[in-house]
Every structure is written in structure tokens, then in C-alpha cells.
Amino acid sequence: EDAGLELFATVGYQRTTVADVCGRAKVSRRHFYELFADREALLRHLYTGVHDRGRVAVAEALADGAPAVGSGDGAIAPLVASGLTAYIDSLLADPRGLRVVLVEVVGVSPELEAHRMATRDHWARTIRSAAEAAGARPVAPWVHAGFIPSVNEFLLAWWQHAGDRSDPAELVRVLTSVLTNLLVTAPSGGN
């Protein structure tokens, strides 16, 4: 796994072969194919792992700092900041995952695109559930889904251009403002 993560994050998925991964990991191709059907299966595994770590971190942060149910708009910003901090910290724990989940996985195949969209939908449901539990009014479902790529684009831009990457607090403040504003002012909606 680590060899694939390193190569996909530095050389890129399209320019990395199974032989490259095996050489870096010092394993045989036979061993690789015992674990993964192909190179795309390894990419999907890495992508899923990064998101799984993010989900755990966000769930823990939301549970630790969960406001009382029905607390209203005033509870939204701290909740958003807590969740965003956990998500961003989980990604930055191993920044190689940034390139894998935000760049390399895009457009690889129809199957992987469907998996990416399902992952985005899961994150949107997580945001919606947490916001509504904090007392936010229901908003149109696309608001939650549309925020996911925004977070990722902001994060990628910050990573590529920030001079000091040690503290993403400014990024969290910007994203918290954006999502909080969306949740408070977006068109209301049900399902």
C-alpha cells in the first residue's frame, strides 16, 4: 500500500505501473495480484482508506463537540469548524493522500467515478445529519453535496500555495464561513 501511495502521490497514477509498485515495495507481481485485481483496485483501496480515516476523525470530533440537539444557527459554526478541522487534519496526517484523493483518482474509470460520487454523497449526508442535529433548518440537498468539492478545492489550493502549511486554521475559518453561510441562507428544502 505505502509503495502505491508514494508513487501515485509523486509520479502519478497514470505514470505508475504495477511493476513500479512491486519494485518499490520489494514484492513480486504475483504477491501484488493476490492483494489487488489491478492497479486501479490499489488506487481505489488507497482512496477509500483516506476517506475512511477522515470519516472516523470527523465522527469523533462531532461526538466530542456535539452541541445540544436543536441548538439553532449559533451552534452551526462551531460544529462546522470542528468537523472541518478533523477532516483536514486527517488528510494532512499523510499529505500524500491529498494528491491521491483530490487529483489522481479523478476520471480514471466509470466505476471509480461512481465510487467517488457515492463517497461524496456519503459526506453530504454526514454534513446534513450533523447540521440538522444541531438545529439547522433543512436546506436543499445539493447544498451539502456542492460543499464537498468546494472543501477539496480550497484544501488543494491552500496546500499548493500556502507558504506555511503547519497550521490550516485560516483554511478552516474560510470554509467554516462558507458552509455556515450556505446552511443559514440557502434555499430551504426537504429530502
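This is a predicted model: local features need pLDDT of at least 70, side-chain atom pairs count only at pLDDT 80 or more; totals for chains, interfaces and linings use all residues.
Residues are numbered from 1 along each chain as its sequence is written, and side-chain values use heavy atoms, with hydrogens and water left out. Local features need pLDDT of at least 70 and side-chain atom pairs count only at pLDDT 80 or more, while totals for chains, interfaces and linings use all residues.

**View 1. Salt bridges in the structure.** The structure holds seven salt bridges. The term stands for a side-chain nitrogen of Lys or Arg within 4 Å of a carboxyl oxygen of Asp or Glu.

**View 2. R55 and D52 pair up within helix α4.** Their closest N and O atoms are 3.0 Å apart. Both residues belong to helix α4 (residues 39-64), where three residues, about one turn of the helix, separate them. Helices here are DSSP runs of H or I with at least four residues, numbered from the N terminus. D52 is partly exposed, at 37% relative accessibility; buried means under 20% relative accessible area, exposed over 50%, and partly exposed in between (1.4 Å probe, protein chains only).

**View 3. R116 meets E113 in helix α7.** Here the closest N and O atoms of the salt bridge lie 2.9 Å apart. Helix α7 spans residues 110-133, and the two partners sit three residues apart in it, about one turn of the helix. R116 is buried, at 13% relative accessibility, whereas E113 is partly exposed, at 22%.

**View 4. D94 and R96 belong to a network.** Their side chains form a salt bridge of 2.8 Å, N to O. D94 has a relative accessible area of 29%, so this residue counts as partly exposed. Salt bridges link D94 and R96 with D2 and E6 in the network.

Methods. Helices (H or I, at least four residues) and strands (E, at least two) are DSSP runs, numbered from the N terminus.
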